[in-house]
Structures are given as C-alpha cells and as structure tokens.
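Dear colleague,

I am passing on the structure below, and I would be grateful if you could read these notes with it open beside you.

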Amino acid sequence: MTVDEDTRWLDWVTKQFETIAGDDKEIDLDEFKTALKVKESFFAERFFALFDSDGSGSISLDELFKALDLLIHGNETDKLHFLFQVYDVDGSGSIDTDELKTVLKSCLHESAISLPEEKLDDLTLALFESADRDNSGSITFEELKAELENFPEVMENLTISAANWLKPPDLDPKKHQTPRYLTRAYWQNNSRKLLFLCMYFALNLLLFISAMLHHRHGGVWFMVAKGCGQCLNFNCTFVMVLMLRRCLTWLRATWVVRVLPLDQNILLHQMVGYAILCFTLVHTAAHVVNFVQLSRRTGFGLGEYLLTTRPGVGWVGGTASLTGIVLQLLIFLMVLCSSTFVRRSGHFEVFYWSHLSYVLVWVLLIIHCANFWKWFVVPGLVFLLEKMVGIASSRMGGLYIVEVNLLPSKVTHLVLRRPQVFHFKPGDYIYINIPVIAKYEWHPFTISSAPEQSDTLWLHVRSMGQWTNQLYDHFRQSENQLPGPKRPAAGPRKRRPEKDQQEHMFSSADSNGSVASNEDEAIELTLFRQNGSGTRASPTRAQAPEEPTRDNPGRAERGESGSPREVSAKFTENHRLCNIRCYVDGPYGTPTRQIFASEHAVLIGAGIGITPFASILQSIMYRYRMRKQNCPSCNYSWCENIKDNDMKLRKVDFIWINRDQKSFEWFVSLLTKLEMDQADEEPEGRFLEMHMYMTSALSKNDMKAIGLQMALDLLAKKEKRDSITGLRTRTQPGRPEWGKVFQKLSEEQKGKVHVFYCGAPSLAKVIKAQCETFGFSFYKENF
C-alpha cells in the first residue's frame, strides 16, 4: 500500500471497529463472530484467541491493528506463522492428526461441503502424510511451510478473505475506458445484430416519414399520429414473425443463419415489444392533442371523441377511440407482465396468461385500423398454420411420463416415452403440457437426452415457479401418502378418495433412496438402448404399465378432462415408474445447433443451465465413439481428427458452475460415463475437458479453506477421483477467473472458439464481455 492508501485503510478500520465495538470500545467473541461472518465458530474462536494477544477476553483497537498489520503488511513467513497457530489448537508447537482432523472438519462446514467420516479420515491422512516428512507423528512449522511452497498461488494472497468489513471501499476514480459498445471487438462480434437493427430502424423511419407526408393535410399532430400508426402496423406484425418458432428452426439449417441474427430472436422480440409500447404512447398522445383541436372546431367535446362513437372516428362503427384505449391498456399490461422481474421471480404464469391476450390485441387492431389486416394476413396465416401443426403433432400418438426422479435442490427429472416419429437436434427444447398439473398451461424445457437415445426423452425441471413447484410437489406428496418401505411391495389396489383421482402408487422393494444410483441406472440403461440395440432388465425396475385402452378399462381411471390416466406406479424414495399422460409441442431449435459447426466449442452451464449441454455432450461423445480407433495388437486407442459436415469439432471444453455440492448429483453419472469414454490419453490431448466449480467453497488462498483444498488436491491425485463429485475432474472452489480461463482457451489454438452459455443473465453479461475481448463468438441459450 502507498502512504495515502495506508492512511485511508487505518481510518476505515477505526470507523468499522467503533461501529462494532460500541460504547465499551472493545470487541467480544460474539461481536467478532458477527463481524467476521463465518459459518463455523471454530475459526472465529481461533482468530479471536490470536487477535486477543493479552488474553483479556476482548479485542482492543490496538490489538486489532497489530494483528491486521501482520496479515496485510506482513511477509509470507508471518502469515504462515499465523496460519500455523490457527491449526495448532493446543499451542504445543506442532500439529497432530486430531488437530488436523478438527480443522479439516471445520473447513468442510465453512465451505458447505458434506463428506462421510471415512472420507474425512482419508483427507486428514493424505495431508498429514504429505506434510509430515520426517514421519515424527506431528507437523512442525517448517514442514507446513515446505508443504505450502507446493502451492505458489496460495502463498501470494494468503488472507482472511471473509472479513469484508476490514476492506476499505474503493474511492479511486475509475480509469477512463472506452465504452464497451464503441469497441471494435463488440462491433465485430455483433455485426449481424447491429446490421439488422440498422435496417429495422431505417424501415421504421421510412414508414413514419411516408405516412406523415401522405397525411400532411391534417396538421402536425395528425401527421405524427398517422406516422406512429403506420409503424405500429409493421411492428405489431413483425413481433409475431420473430416468434414463428418452427419457421426459425427450419431457417437455422439454411444459409440464412449466417446473415440474420436468428439466434437472438427473443431479444429482438423484446425490443420490438418496447418499440410498440413507445409508438402506442406517442400515437395516443398525438391523437388526444388532435382531438382537443378538433373539439374547438366541431360540436363534439373531448370526452365524446375519446369515450363514444358519436364522432364516427374509425372504419368499423367509429370505434377507433374505444378500441385504442383498450389496446393501450392491453399492450401496457403485456409489457409489464413480461418484465424480467415478473418472469424470474417465480411468477411465470402471470407472464404466460397475460401474453395470451395477443389474440385480443390482433382482433382489436383489425377493428381499430383500416390497413392493419393487409400487414397481418400473410404472417397471420403462417402463425395459424404453425399453431395447427403444433396442436396436431402434440395430440398425435400417446405420450406418457414413464419415470420420475426427484433430484436435489428440487429438480424433477422426467422420462418420457419417445415416439418413433419424434426427431430433434442436441440442445433443442419443447413445450410440455401435463394435464394433472395444469390442463391449459404449456411450459418450455430443454431436452436433456441425446437424439441417439431412441426410446425415451429426458427433461430436468428446476422448481422456480408455481407450475414447476406443483410438478415437484405432486410426486413428493404422492410419496408421503404412500406406505413406508417396510410395507409389502404390492397389495390390493384401492381407489383414492380425492376428487381428482391422483395417481396411486405402491412402494418398491428397492427403497435405498439413492439419487446417484437411480441416475446411474437410468444412464446405464440408456447406453444399452441406443439405436434400438436392445434393453437390459433390471431387478429394481419394472416395465412401464400398459397404456389404458377401451379393451382394458380396469387399468385406468378417467380424469376430469376425460383422458385416461394410469393410477398405479412403482417407486423408490426418489425414483418411481408411472404412466402419466402429457402433450409435447416441438422440438424447436436453439443457438446450440451451431456447436457441431464449430472447431473449438466451450460449453458453460450455470446450475440447471447444464440441461441443453447434457444432450449435446451425450451426442458429441456418441459421435466421438464412432470415430474412435483401436490398435489390433495392443490396447491403445485414439480418436481420428476428422472434419466432416456432421461434426467439425476438434476440442470441447465443458464448464459447469454450481453453488452447492448437491447440485452436482443432477448429472454426475452422465459425466462419469463421458470420462470413461476418454480413459485413454489422446495424441493431441483430451477431446473433452471438464471444469467444475463450486461457488460456496472458499478459495485456496483463504485461511479457512487452504488446508482442506490442499487435502482435496492430494487425495484426488492419490485416488484419481475428486472427493466432492466422484469424477476424475477436480472440483475447483469459488468462481472461475474468466480472464485466465479464456486466455488459456485462446492459447490452445484448436481453431475458432465458439462459447455457448446457459444460465443466469447476470453471468451472461460477464462472459459475453470476455468473449468480445478475446474475439470469441458468443451464443446464449434463450427461449
């Protein structure tokens, strides 16, 4: 620190100390725990004991300055000595196995990592054996220092990073930087979108000016109203064209995708929606001013112009004003309910139902404006045709949910029986309707199984809104209402007393309740079923119940909609077989269809954002296995580096970011099998590299986590398996340092890098900015 920075830091710490200490000018243990914001009291107590140099039971300002000066201004040896004292609980001058185990157990809790006691013993032993170089049965300071020298990145930034209250706010003025939207990289990476927007604004301007000139006899405000009205004719039609999903999916397979920004149709749809709102406000305001002027020259008042049909304004019964007011309210409501706040706050149904008013908007527009139907007729017919095709395809054949897995963090894994005529691409999504949850609601979800999986479709649904929570609770409640696992596996079936006749389920003989084993079993069956190669029987799985038919009425009961529903199922604690009717509309394409045309693909999933990449990774590895070659005289295998029209990929990097440990269980079995496909080293390095990040885990340079991360590294090298996920890939703590990650990707030189992302919008902005810096193409999953 400079002298000025040091002075400002001292002032800041003094101010924070006085706020926390209160009138007694001392910080006790409880106040210290609150200020430090640690989860595990062990570290708070150890830090407090070391800060309290005089053993008075409280920390004075001088004691705080002395300790912080060592941690911030001290050299590496000083910081290591402080760390050693934290680990040396009894103050004997050495660390024994019990002390190390106690510290590691606290580290696990601080990083929100749950491991069995046996694994904790393995971690303790791995770190102890590595550090205790003289086999004396204890770790001295010199031995700990020698061990830490193997982690140079840790030595540079060793600190108590959780004590944010000790860090002064950044008061330095930000350096002048060129705005992101004015950089050359931004224009290069967004050239299609920017060109399209220029054409869009130019067309609106042209329509506005031509309409004004055509009605120049009516005065300025009349001209403005007509100009906005002409733009509304175009935009109210164009906003529909941007959501013709089947047409856009077809266009993605043509050369048009290289010219038009088809992958950003949702963003453009939103922009056109806001443009409609703006044009509507100006159009209405201009007409109101015009009516004020007319009321002075005619016998009608302003209220009559706005709220009655007497003046005869409009081409259908003089209803232009009345329909215009209703249109204004509907458009405002649709824009409001489609805001991010509504859609992302668990109220998707509000957005869904309010958006259905577009039908009423179009009807009112046809009545309101004499020329709108001319703009609407062709796109409207295409839209109607798409809807008819969607309804017909969704009702053709019987689709049933045949299996359900309840995964951690309230994720519902649905397995659907796949029709033979249903074809899709990796990363595509569908709309699904499940009448037993909501009869008239359709919700979009990415298909998480690969196209090569011929007999089933997978959907992973995160509970984030009303409908998704109802879906999860439907199966969870069914589980709670059923007999326990110790009851007989089957018995006489009884009718449910509930009015809606929900599915009645019987307990399974297999009741271990292991999510990982259920997932693993499902994936194992998938590998046997690919390309219709056959199925494998499993003692814990039964064949799906027969579809209810007229000839077999005893197997089903009628729901309120009249459609047959199977009322029996077999289940374990988190896994059950069932036969629930559903309807599917799709599939629809997404930006991820560009993956196989890439040379170096980087797939980034945040949380449940892994779902499109689950399908893609399975499909990629299926094609990878088709290319894999084996030496006839030995066990050596390799993958030929061949480019073709189906797959130009030379390298795939998969980055998965999760907040907690349990979230990795969603797809850990799938990732394990993908790693097994690459058991042998390739001549040019691994074709698929995985990078796992757990954001709740503290980073390696934090004193509360350094021992644990060292132990995890040592045990992973020893067992060739990560202790957190069970994968060979080591799970990294904290968030990725995107600058370093993208720099490494750039240095690999495996061809043009295309980054595909699915997850939180806030992280998308960060990754997109990095892509623009490095010149990578960026695609965001959005539907």
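Predicted model: local features only at pLDDT ≥ 70, side-chain atom pairs only at ≥ 80, totals over all residues.

Residues are numbered from 1 along each chain as its sequence is written, and side-chain values use heavy atoms, with hydrogens and water left out.

The chain has 27 helices and 18 strands, taken as DSSP runs numbered from the N terminus (helices H or I of at least four residues, strands E of at least two). Of its 783 residues, 50% are buried, a term that stands for under 20% relative accessible area, with exposed being over 50% and partly exposed in between (1.4 Å probe, protein chains only). Among contacts (heavy atoms within 4.5 Å) with a separation of 6 or more, 70% join residues 24 or more positions apart.

The largest nonpolar core comprises 86 residues, and those with the most contacts inside it are Phe51, Leu603, Ile620, Phe654, Trp656, Leu671 and Leu688; a nonpolar core here is a set of buried Ala, Val, Leu, Ile, Met, Phe, Trp, Tyr and Cys residues joined through side-chain atoms within 4.5 Å. Another core, of 36 residues, lies apart from it, and its members include Phe196, Cys231, Val239 and Phe279. Returning to Phe654, and leaving aside neighbours within four places in sequence, its contacts include Leu603, Leu671 and Leu688, together with Glu689 and His691.

Helix H25 covers residues 706-719 and reaches 20 Å from its first C-alpha to its last, close to the 20 Å expected for its 14 residues at 1.5 Å a residue, where the expected span is 1.5 Å times one less than the number of residues. Because 11 of its 14 residues are buried, H25 is largely enclosed by the rest of the structure; the buried residues run from Ile706 and Gly707 to Leu715 and Ala716, with Met710 and Asp713 among them. Just after H25, Lys720 takes a positive phi of about 55°.

On a 1 Å grid over the protein atoms alone, a cavity is a set of points where a 1.4 Å probe fits but cannot get out, and lining residues have an atom within 4 Å of a point. The volume of the second largest cavity is about 60 Å³, a volume being the space filled by probe spheres set on grid points joined across faces, edges and corners.

Ala286, in helix H14 (residues 265-297), is buried, with a relative accessible area of 1%, and, not counting residues up to four places away in sequence, touches Trp221, Val224 and Ala225. Asn405 lies in strand E1 (residues 399-407) and is buried, with a relative accessible area of 1%.

With best regards

Methods: 1 Å grid on protein atoms, 1.4 Å probe; cavity = no way out; pocket = protein on both sides within 12 Å on 5 of 7 lines; lining within 4 Å.
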